Amino acid sequence: MFRPCQEDTFGLVQREEEIGIITAAVRRSGSGGRNLSILLEGAPGYGKTSLLDAFVDEISRAGATVLSVVCSRSEKNLQFGVLRQMIQAVLPPDGMRSAYRRLEQSTLLAVLTEAGVDGVAATLIHENFVALAAALAAENPLVIVIDDVEFIDDSSADCLLYGIRRLRSSSVTLVLARSTATADEIPHVRELGRQARLQVVRLEPLSEESVRHVVAAYAVDDVDRLAYLCHQVSGGNPLLVQAVLQDHRLEKKSGRSFEAEHGEVGENLRRAVSLCLDGVPAEVRKVAEGIAVLGPNSSPTVLDRMLDIGAGRVHRSIGILTAINFLRDGLYRHENIRLAVLTGISAGWRAELHQRASEVLFEVGATPETLAHHIFEAHSTAPSWAVCVLRSSAVQAASAGDVERADKYLELAARDGRTYATTKAIQLELAWSRDPSIAARHASGLHRALCHGQIGVPEVISLAKYELWRGHVAEVTAVLAKLDDMVANMTEDIPSEVWLFRTWLSHAYPPLAAMLRLRPPEGGPEPGSRGHENDPCTTASDALLAVLTNRADDETFSNAVRVLRAEAEPELTNDTRHTALLSLVYADQLGDAAHYCDRLLRESEQGGAVTWHALQLGIRGEIFRRCGDLRAALRVGRAALAEVSQHSWGMAIGQPLASLLLTTLTLGLLQEAAELVEWAVPPALPQSGQGLLHGYASSFFHIASGDPEAAARGFLECGERAMVWGLDMPTFVPWRSGAAEAMLALGRPEQARRLLIDQINLLDERHLRLRGASLRLIAETVHGRERRRILTSAVELLSSSGDRLELARALHDLSCAERDAGDAACADVRRRAAVRMAEECGMTLPLSRYEDDQASGDGRRPDSLTNAEQRVALLAARGHTNREIASRLSITPSTVEQHLTRVFRKLRVKRRGDLPSDLIIAGQ
């Protein structure tokens, strides 16, 4: 339990002067035979009582008779209560025993008689007191000490004034002490000052140097730091200094470091603050509690409206709290003092204060974050606006990375049944952004609300998107059926978010889009960007759909950039900006895409939105891959898949998995690629837009594994779905390029050529990267001068495309064509540029045919191949399928595939068509 320290260092440091003033005054009064009044003033905690105790001890040892009493707020109405304390404090001289008894009996009678005493009886008491005091003063100087004189009862005060007027020539000194936290003027004290010489002694706070002396007396380490901290917390209030040091001592005994400067309030400091507040009027305590609750939003105006005690009393209370050194400039001088006051408020009263604070601050226009804090602490959503404030603040808190605060706000908001579904939808989205696997409980709440018809259209859409993320097509179908019924029963125009949702479905999961049988407004087109130019969500959605359906123009890209460039606003969600970013990536606007993707990555990382961060990493890896930076694509792609668990990825796994798979295949990391192909994906993935990306990348693995027939089937199936769904944009999924490579590996150049020409016809002059890559593949279907001409055009296009790897490939192929044409000098320049550029991208290009001849000498058989690998390679080079090779060599197709994988890697080729057809088999 906290007790004021008994060591003289506390309360008496820097008080020697005050004790000397009082002692000297008493001595002068005793020697001069004339009474004197001394008024000692000090704020609560300033050591007023400790000083009086020290003075009484000293003056008693000097031979004075001391009548020392303490007044009490609870005894202020007790008649002659203080007078009874005085007469009971000493034994009277022998000659005064009878008068003493009469005085004690008469005062006791006054206490016991409800009606009090009449004038005659009061006069008798006064005269008996004067007689007693005179007799005491005749023997030794008489000192009457009254602490907390502001609470003296009226009857005792009248008696004291009566006595002072009649004891002018006696050696009587009156020492009064009061707290400055009470009334500025006390009538009894003012009257005593007129009747006797009144000397005022005021206690000031301890100076920083005095506090240092106190700290040094403790013999602690790091005196300067602790002294500075003590003064910062206490402002020189001795009681608070003592409490901080005692807390420090307890911390040291427990072996913990003292961290009071970090907002940890010790038990002693809490009790010291409570003692200080016990010495102030009730209204001052209320103001102290109000400021503790309001924090930095505290002001006299707000406090007045919140506490309803009057502006004048608020200002006066602030002055008193400042004098105690609790406040500085109207706010708590140290957070620990505020927390100590706050913890002393009862739970019920604190909740009511927060409720009042929220209402007043709402009226004066406080920020949603401030209002949400008070609403939460009040544990009530009673005001009609409270739930909206909680939800808004939760979203902002989550964006700032304060997940815990966002969760607690939303949990309170969800108690309001009127808006339960809306709150649950927000909880679902925020939980999903951290980890989709933990969002299921909020989805369950939305399903229940849907079954009971207590849900709106936006919440249904949120639920459908989440279930689709998880690949739960059956659940999504049921939700869409409910949404379709809701839309069908609408008497007004269909909300724009429904149209946008169907647009999203048309590329996210096209088979389900037809379930929403929406009818355009009568006499008007379907809502879209035409009617919502200022809506970022509509703008971004329209931009992506235009890209995927090959309807994009310059305005499409400028709209997407405008959405990404805009500052974060409530309507500018992560989903909206992600959609705008995808439109740039899938249109091969890689410069802008890289810039804004990096910005979104920083924001999602700072806000703790793990899922969004993983999605953006996946997109950044794809941008790196499309630019030919394979090292960065590999690093970022791996980081994307590791960001969240495999289970949590859901249907969104298609894009990052496809991007990383293509990167590993290009780098020849076939073992890692094989592991990625085995990655468990949702069964519904092939029917989604993400499934197109995944199917396209997986088909390339068949080429690398030596099965171009399976690859060709995969590419053509991917293309068929893309065309049926209206998503046949080569910059999104260039399935024709993949199919052409498979056809070339199968020795079907004409089919490859037709596919590539069809692809080029779908592209315009903006699509430099894919047009150049398509021309490079077309060149493999022709020979001689035509091949060189086409490759020259491919190099020109790719030089401005930003894809350095594809440019390196084109330069390499052109160098081979130039060497075939006899232009060795140009061929060498091209080859060196291609090799350097490929190495910068993180890979090594295949050797040219000329370099093959030089390296092998007479070697029609590369020495690195085993006999078994050579036999498989020879048959594959001659056009046999894996199954045919397995039958001829009496091995399994799987063994054939493994041999071919190693052959491709050793010979640095990508397809069967690159294998030399005249390999020499060992022993032949």
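User: Over how many bridges do strand β1 and β5 pair in the parallel sense?

Analyst: In this predicted model, strand β1 covers residues 36-42, and in β5 the bridge partner of Leu 36 is Arg 197. The pairing of β1 with β5 runs in the parallel sense, and the number of bridges is 6.

User: What is the order of the strands in the open sheet of 5 strands, and which are the edge strands?

Analyst: The sheet is open, its pairing is parallel, and its order reads β2-β3-β4-β1-β5. A strand at the edge pairs on one side only, which applies to residues 65-70 and to residues 197-202. The edge strands are therefore, with two strands counted as paired if DSSP finds at least two bridges between them, β2 and β5.

User: Which strands does helix α6 touch, and what angle does its direction make with that of β3?

Analyst: Helix α6, residues 119-139, packs on the sheet and touches β2, β3 (142-147) and β4 (172-179). Between the direction of helix α6 and that of β3, the angle is about 125°.

User: Which backbone oxygen does the side chain of Arg 721 reach, and at what distance?

Analyst: Arg 721 lies in helix α37, which spans residues 708-724. Leaving aside residues up to four places away in sequence, Arg 721 touches Pro 686, Gln 687, Gly 691 and Leu 692. Although Gln 687 is 34 residues apart from Arg 721 along the chain, their C-alpha atoms are separated by 8.3 Å. The backbone oxygen that the side chain of Arg 721 reaches belongs to Pro 686, at 3.2 Å.

Notes. Residues numbered from 1 in each chain as written. Predicted model: local features only at pLDDT ≥ 70, side-chain atom pairs only at ≥ 80, totals over all residues. Heavy atoms only, no water. Helix = DSSP H or I, 4+ residues; strand = E, 2+ residues; numbered from the N terminus. Contact = heavy atoms within 4.5 Å. Polar contact = N/O pair within 3.5 Å; in protein donor to acceptor, adjacent residues only side chain to side chain. Axes fitted to C-alpha atoms, helices over the stretch in contact; angles between N-to-C directions.
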